[in-house]
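I am opening my notebook to record what I looked up in this model, taking a pocket and then a sheet in turn.

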Amino acid sequence: MTKEAIIKEFEAIAGAENVMTGETDRHAYSYDAAVLDSVMPALVVRPRTSEALGAVTKLCNDNGLPLTVRGAGTNLSGGTIPHPGGVVVLTNGLNRILEINEADMYAVVEPGVVTAQFAAEVAKRGLFYPPDPGSQAVSTLGGNVAENAGGLRGLKYGVTKDYVMGVDFWDVNGELVKSGSRTVKCVTGYNLAGLMVASEGTLGVFDKIILKLVPPAQAAKSMMAVFPSMKAASETVASIIANKIVPATLEMMDNFTIRTVENFRGAGLPVDAAALLLIEVDGHPAQVADEAAVVERICKENGATELHVAKDAAERDAVWQARRDALPALANLKPTCVLEDATVPRSKIPAMIEALEEIAKKLDLTIGTFGHAGDGNLHPTILTDKRNKEEWERVEKGIDMIFDKALAMGGTLSGEHGIGLSKSKYMAQETSKATLAYARRMKSVLDPKGILNPDKIIGAE
Ligand SMILES: Cc1cc2nc3c(=O)[nH]c(=O)nc-3n(C[C@H](O)[C@H](O)[C@H](O)COP(=O)(O)OP(=O)(O)OC[C@H]3O[C@@H](n4cnc5c(N)ncnc54)[C@H](O)[C@@H]3O)c2cc1C
């Protein structure tokens, strides 16, 4: 088929107003939140019905056109950078919450529903959807499932995969595959919904997602503890967990991040603190009171110089807004911001903090460190300017060293941001040859022409 004929086919499926071929439109979808070069797609299409999404998938496969599905494009690993000359399929035309079932505590959504809007709708019905990535105000549920997104509440409530009950997805031939169910238990056949989680658009195109909902906690208490060193703060994290307390949230910030956040919004953070822990315990009011007292004691035993307990909802929101500001505030400082999410067993947090400080010193890099300390999932954030070649080489060396250290401690390349394009070259370091070969065989059977988001996760053949 000629290029013009293919464009006509896309227009017939999705409507001419939903097919974009102009340079400006294509440029807008040539990059995402990762620090990688942009790649221009040939065409961008926005299906507005489930059938159109399936037909677009089939058309791409029939014509050998690489297809990259895009939610909000906030992923940090290059998962929505298109293949040269490929097609970007937008999901923001498929953004309906189809059902919120209060009796059975699940919801059915289209993939383009925005995470925070969904959580707010669920809350109106007295239910709770815990996964809360920092990007939730814009990220989509389809993107969350495809990346297995985490968030601040991962420690107690788990991550997106813990809420996926089912996924209906279009296979590469445009056939609708249904997986999972609306029941709490389901072991009928392979766990294909599980296979779709973290698949980064490489195995199927999500059409509908069934998500588990839970009752909200009756009470919560947020605290901010000030420490004289990162070592003391990280040892406190290990100690809280060792004392069998599982806070809903247990976040850490180093001094550089504290000062940057304070300059960004003036949240009233203690700028002289070497480290902060932001902690929330939740549950039954009696349990919250007990756990808060234990956490307070452990913080003091580990050298906390101050402990502030949020008195009301406004103070609680201010604590968590400060944490959510960490990435935007750091990213504001320099032209290039590389946010990593190598993750270690949480008992290794003190050692990882030490390793990050050594790497920054050795390579003379500016690294702000914050993150989900309770999960072992830190976000060392390197601030740089990619145009400075000499500095960029040191940054790349620093990234290699961060991964080496995390893997040596029994950790993993990514706790929540996915592999995409940016980390596929490191996959062999973490997995075995046989594991990669298995993944490639699976991909080649499910997607023989390599149409679905090529090169992501397992790299180019
Ligand atoms: C400021 C900021 C804060 C962040 N905080 C967090 C955080 O706390 N935790 C965390 O885990 N991540 C975080 N992220 C990363 C990012 O927001 C998440 O990875 C999120 O899940 C991406 O959602 P999205 O809608 O933007 O997806 P996109 O970036 O558009 O896509 C992500 C992947 O999903 C695939 N995909 C999208 N829709 C579908 C579909 N319908 N079918 C199949 N595949 C699909 C894409 O092809 C791509 O591979 C943050 C990012 C930013 C910029």
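**Notebook: a pocket and a sheet**

I began with the second largest pocket, and I found that helix H7 (192–196), helix H15 (427–430) and helix H16 (433–446) each supply at least two residues of its lining. I keep in mind that this is a predicted model.

Which helix gives the largest share of that lining? I noted that H16 does, with eight residues.

I then looked up the whole lining of the second largest pocket, which has 44 residues, and wrote down that Ala 198, Ile 419, Met 427, Ile 457 and Ile 458 lie nearest the pocket's centre. Sorted by kind, the lining residues are 17 nonpolar, 14 polar and 13 charged, and the volume of this pocket is about 1,000 Å³.

Next I turned to an open sheet of seven strands, whose order I recorded as S13-S10-S12-S11-S15-S16-S14, with antiparallel pairing. Strand S13 (306–309) and strand S14 (336–339) are its edge strands, since each pairs on one side only. On average, neighbouring strands of this sheet are turned by 15 degrees against each other, direction ignored.

Within the sheet I followed strand S15 (residues 366–372) and strand S16 (residues 377–384), which run antiparallel and are joined by seven bridges; Gly 371 stands opposite Leu 378 in S16.

Finally I asked what packs on the sheet. Helix H11 (residues 313–324) does, touching strand S10 (219–227), strand S11 (249–254), strand S12 (275–283), S13, S15 and S16, and its direction makes about 130 degrees with that of S12. Helix H13 (residues 349–363) also packs there, touching S11, S15 and S16, and its direction makes about 10 degrees with that of S16.

Definitions and conventions
Residues are numbered from 1 along each chain as its sequence is written. This is a predicted model: local features need pLDDT of at least 70, side-chain atom pairs count only at pLDDT 80 or more; totals for chains, interfaces and linings use all residues. Side-chain values use heavy atoms; hydrogens and water are left out. On a 1 Å grid over the protein atoms alone, a cavity is a set of points where a 1.4 Å probe fits but cannot get out, and a pocket is an open set with protein on both sides within 12 Å along at least five of seven lines; lining residues have an atom within 4 Å of a point. Grid points are joined across faces, edges and corners, and a volume is the space filled by probe spheres set on the points. Helices (H or I, at least four residues) and strands (E, at least two) are DSSP runs, numbered from the N terminus. Ala, Val, Leu, Ile, Met, Phe, Trp, Tyr, Cys and Pro count as nonpolar, Asp, Glu, Lys and Arg as charged, and the others, Gly among them, as polar. Two strands pair if DSSP finds at least two bridges between them. Axes are lines fitted to C-alpha atoms, for helices over the stretch in contact, and angles run from 0 to 180 degrees between N-to-C directions. Contact means heavy atoms within 4.5 Å.
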